[in-house]
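Trainee: Could we go through this one together? I have a few quick questions.

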Amino acid sequence: MTLRTVIRGVGSYLPARIVTNAELAAKVDTTDEWITERTGIRERHVAADGEFTSDLAIAAAERALKAGGIDGSQLDLIVVATATPDNTFPATAAKVQARLARPGVPSFDIQAVCSGFVYALATVDNFVRAGQAKTALVIGAETFSRILDWNDRTTCVLFGDGAGAVVVTAEQGSGTGSDRGILSTHLHSDGRQHDMLLVDGGPSTTQTTGHVRMKGKEVFRHAVVNLAEAVNEALAANSLTSQDLDWLVPHQANRRILDSTAQKLGIDPAKVVVTVDRHANTSAASIPLALDAAVSDGRIKPGHLVLMEAMGGGFTWGSALARM
Ligand code: ACO
């Protein structure tokens, strides 16, 4: 027998305001055609004034709890992946805990930028399998609109705001690949690539929040290589081939990265969940947002084998394989 971390409910939240490419083209020197062709992005959601990462996180988490039929009082761990916390400290997760869980329940943030959700899921899986948590919330939530330089056309067109969440419970499994739950996680980082994608501010350096800066071409090149390696690593560790996957739920950075990764791995594009056209890159929120989209519309069903993979600033990258 093996303890498994089973995904019981998935939920997400997107701010009401939608910003189209045409709207951006009215502000910076870009066009709908350029953005669509190079990235696949058509629109993104942007948080309202006074709407914070914690608000998005709580809304997504409430929906995940409802979908899983789980009450907040049952939670014994909350982890929020975010690179855009409400405050430098305390953790955004503490606000989620105050709203949804019993006093005293541990909560903390994880910072791995676009890989944050995979890092958070891996962390919670380890808590569960060590017997230290039975019912947990794993949330990815971001307000990247707040750290964009809206005059920099090379970055401001790429990102959006949103949140996604899963509620997981500890269940006994047989220890085989037919178990429901998380079957494997793999995490990596390479800090030598720190300056390829970063926010040029912070409490210890500039005492400002800073803005996203990116060497797009280099990031693209590393993303395709690292993501293909992450998928192959997960498949090999589970003695699977790409044909065994029901769904690939990748971090949504750029349609061309999704297509290149799928092509490189021989994965049928119809098995790749794509939301980047409507959400843009929502960093740590993008995987649970995509997962929720495909669960809600009935594509992802109980028993399906789902591989999640991501890469982001750091660089960080990794995967999580789960049977729903
Ligand atoms: N509108 C119009 N023109 C633009 C825009 C824009 N929004 N942005 C850049 N350009 C121009 C450039 O200035 C350049 O002009 P030049 O040739 O006169 O110098 C030209 O378009 C080509 O620019 P490139 O950077 O070479 O364009 P590229 O084809 O590499 O696409 C992009 C840029 C979309 C950023 C791509 O490199 C990319 O997607 N990289 C991955 C980055 C990413 O997704 N990061 C997210 C976080 S990491 C992650 O999640 C994996």
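Trainee: Okay, is Gln 207 buried or exposed?

Mentor: Keeping in mind that this is a predicted model, Gln 207 has a relative accessibility of 58%, and therefore it counts as exposed, since the cut-off for that class is over 50%. Gln 207 is found in the loop between strand S9 (197-199) and strand S10 (212-214), and its phi is positive, about 60°, although it is not a glycine.

Trainee: And what about Val 113, which class does that get?

Mentor: Val 113 has a relative accessibility of 21%, so it counts as partly exposed. Its phi is also positive, at about 50°, and it is not a glycine either; you will find Val 113 in the loop between strand S5 (107-110) and helix H5 (116-129).

Trainee: Why point out those phi values?

Mentor: Because most residues other than glycine have a negative phi.

Trainee: New topic: how do H3 and H4 pack?

Mentor: Helix H3 (residues 53-68) and helix H4 (residues 92-100) pack at an angle of about 45°, and their axes are 9 Å apart, so the two helices are oblique to each other. The crossing of H3 past H4 is right-handed.

Trainee: Which residues meet there?

Mentor: From H3 they include Ala 57, Ile 58 and Leu 65, and from H4 they include Val 96 and Leu 100. By class, this contact has six nonpolar, three polar and three charged residues.

Trainee: Last one, where is there a cis peptide bond?

Mentor: One joins Phe 89 and Pro 90, with omega about 0°, and Pro 90 is found in the loop between strand S4 (77-81) and H4.

Methods: Residues are numbered from 1 along each chain as its sequence is written. This is a predicted model: local features need pLDDT of at least 70, side-chain atom pairs count only at pLDDT 80 or more; totals for chains, interfaces and linings use all residues. Side-chain values use heavy atoms; hydrogens and water are left out. Axes are lines fitted to C-alpha atoms, for helices over the stretch in contact, and angles run from 0 to 180 degrees between N-to-C directions. Helices (H or I, at least four residues) and strands (E, at least two) are DSSP runs, numbered from the N terminus. Angles under 35 degrees count as roughly parallel, over 145 as roughly antiparallel, 65 to 115 as roughly perpendicular and the rest as oblique. A crossing is left-handed if the near helix is turned anticlockwise from the far one by less than a right angle, and right-handed if clockwise. Contact means heavy atoms within 4.5 Å. Ala, Val, Leu, Ile, Met, Phe, Trp, Tyr, Cys and Pro count as nonpolar, Asp, Glu, Lys and Arg as charged, and the others, Gly among them, as polar. Buried means under 20% relative accessible area, exposed over 50%, partly exposed in between (1.4 Å probe, protein chains only).
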